[in-house]
Amino acid sequence: MSEIEYVVNGTRRTVRAGDDDLLLDVLREQVGSTSAREGCGVGACGACTVLVGGHSVSSCLARAVRYDGAEIQTADGLPPDHPIVAAFVQTGAMQCGYCIPGFVLMADELLRENPRPTREQIVAHLEGNICRCGTYAEIIAAVELAAERMAATR
């Protein structure tokens, strides 16, 4: 076991992890960040998405020790009035909500890279995330609304 440090949602955290421990498990069990969830276990659904240094990572595939010293953002760290979170709520983009943290973080990554994405760019960026409830139209509308609101404040 190694002692490693992360900065998770702005707070420095020290955890213990073995070579085979997954980032998803360490974040959930030791850090208490439960917004990252295991959906498929093979990095194909997006439910486990976290941002490391601002870039999306499938935490169900990532070895925890690899990210020693990393800045990690989970959906738990976003305030309820964050423009993306508020847009997801306003558009009714969630039914069960299981996949939403991953979609929110993917939207955050996209809007930081491209503040004014087209619908096609939104769809392409989110294509690795799966919503079992099928609220894709509402999710895309939420990202469009968030982009519009965020652009207005720049």
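**Cysteines, sheet and helix packing in the predicted model**

A search of the whole structure, which is a predicted model, finds 0 disulfides. Cys-96 takes part in no disulfide, and the nearest cysteine sulfur, belonging to Cys-133, lies 3.7 Å away. Since a disulfide requires the two sulfur atoms to be within 2.5 Å, the separation of 3.7 Å between the sulfurs of Cys-133 and Cys-96 is too far for a bond. With regard to solvent, Cys-96 counts as exposed, at 57% relative accessibility, whereas Cys-133 is partly exposed, with a relative accessible area of 30%.

The strands are considered next. An open sheet of 5 strands is present, with the order E2-E1-E5-E3-E4 and mixed pairing. Its edge strands are E2 and E4 (55-58), each of which pairs on one side only. Direction ignored, neighbouring strands of this sheet are turned against each other by 40 degrees on average. Strands of a sheet pair through backbone hydrogen bonds, in either a parallel or an antiparallel sense. For E1 and E2 the pairing is antiparallel and extends over 7 bridges. Glu-3 stands opposite Arg-16 of E2.

The loop between E1 and E2 contains Asn-9. Phi of Asn-9 is near 55 degrees, a positive value in a residue other than glycine. Most residues other than glycine have a negative phi. Asn-9 is partly exposed, its relative accessible area being 26%.

Helix H1 (residues 23-31) lies across E1, E2, E3 and E5 and runs at about 110 degrees to E2. Within H1, the residues Leu-23, Leu-24, Val-26, Leu-27 and Val-31 are buried. An α-helix has 3.6 residues a turn, so residues three or four places apart point the same way. The cover over the buried residues of H1 includes strands E1 (2-8), E2 (11-17), E3 (49-52) and E5 (71-73). H1 is followed by Gly-32, which has a positive phi, near 85 degrees.

Thr-74 is situated in the loop between E5 and H2. This residue is buried, with a relative accessible area of 1%. When its neighbours within four places in sequence are left aside, Thr-74 is in contact with Val-8, Asn-9, Leu-27, Ser-33, Ser-35, Val-50 and Leu-105.

Helix H3 (residues 100-113) and helix H5 (residues 136-152) pack at an angle of about 40 degrees, with their axes 11 Å apart. H3 and H5 are therefore oblique to each other, and their crossing is right-handed. On the H3 side, the residues involved are Ile-100, Phe-103, Ala-107, Leu-110 and Leu-111, which meet Tyr-136, Ile-139, Val-143, Ala-146, Ala-147 and Met-150 in H5.

In the second pair, the axes of helix H2 (residues 83-90) and H5 come within 8 Å and cross at roughly 135 degrees. H2 and H5 are therefore likewise oblique to each other, and H2 passes H5 in a right-handed crossing. The contact involves Pro-83, Ile-84, Ala-86, Ala-87, Phe-88 and Gln-90 on the H2 side, and Ile-139, Ala-142, Val-143, Leu-145, Ala-146, Arg-149 and Met-150 on the H5 side. Residues of H5 including Ile-139, Val-143, Ala-146 and Met-150 are listed both in the contact with H3 and in that with H2.

Pro-83 lies in helix H2 and is partly exposed, with a relative accessible area of 31%. Not counting residues up to four places away in sequence, Pro-83 touches Ala-146 and Met-150, both of which are among the H5 residues in the H2 contact. The C-alpha atoms of Pro-83 and Cys-40, which are 43 residues apart along the chain, are separated by 28 Å.

Conventions:
Residues are numbered from 1 along each chain as its sequence is written. This is a predicted model: local features need pLDDT of at least 70, side-chain atom pairs count only at pLDDT 80 or more; totals for chains, interfaces and linings use all residues. Side-chain values use heavy atoms; hydrogens and water are left out. Buried means under 20% relative accessible area, exposed over 50%, partly exposed in between (1.4 Å probe, protein chains only). Helices (H or I, at least four residues) and strands (E, at least two) are DSSP runs, numbered from the N terminus. Contact means heavy atoms within 4.5 Å. Two strands pair if DSSP finds at least two bridges between them. Axes are lines fitted to C-alpha atoms, for helices over the stretch in contact, and angles run from 0 to 180 degrees between N-to-C directions. Angles under 35 degrees count as roughly parallel, over 145 as roughly antiparallel, 65 to 115 as roughly perpendicular and the rest as oblique. A crossing is left-handed if the near helix is turned anticlockwise from the far one by less than a right angle, and right-handed if clockwise.
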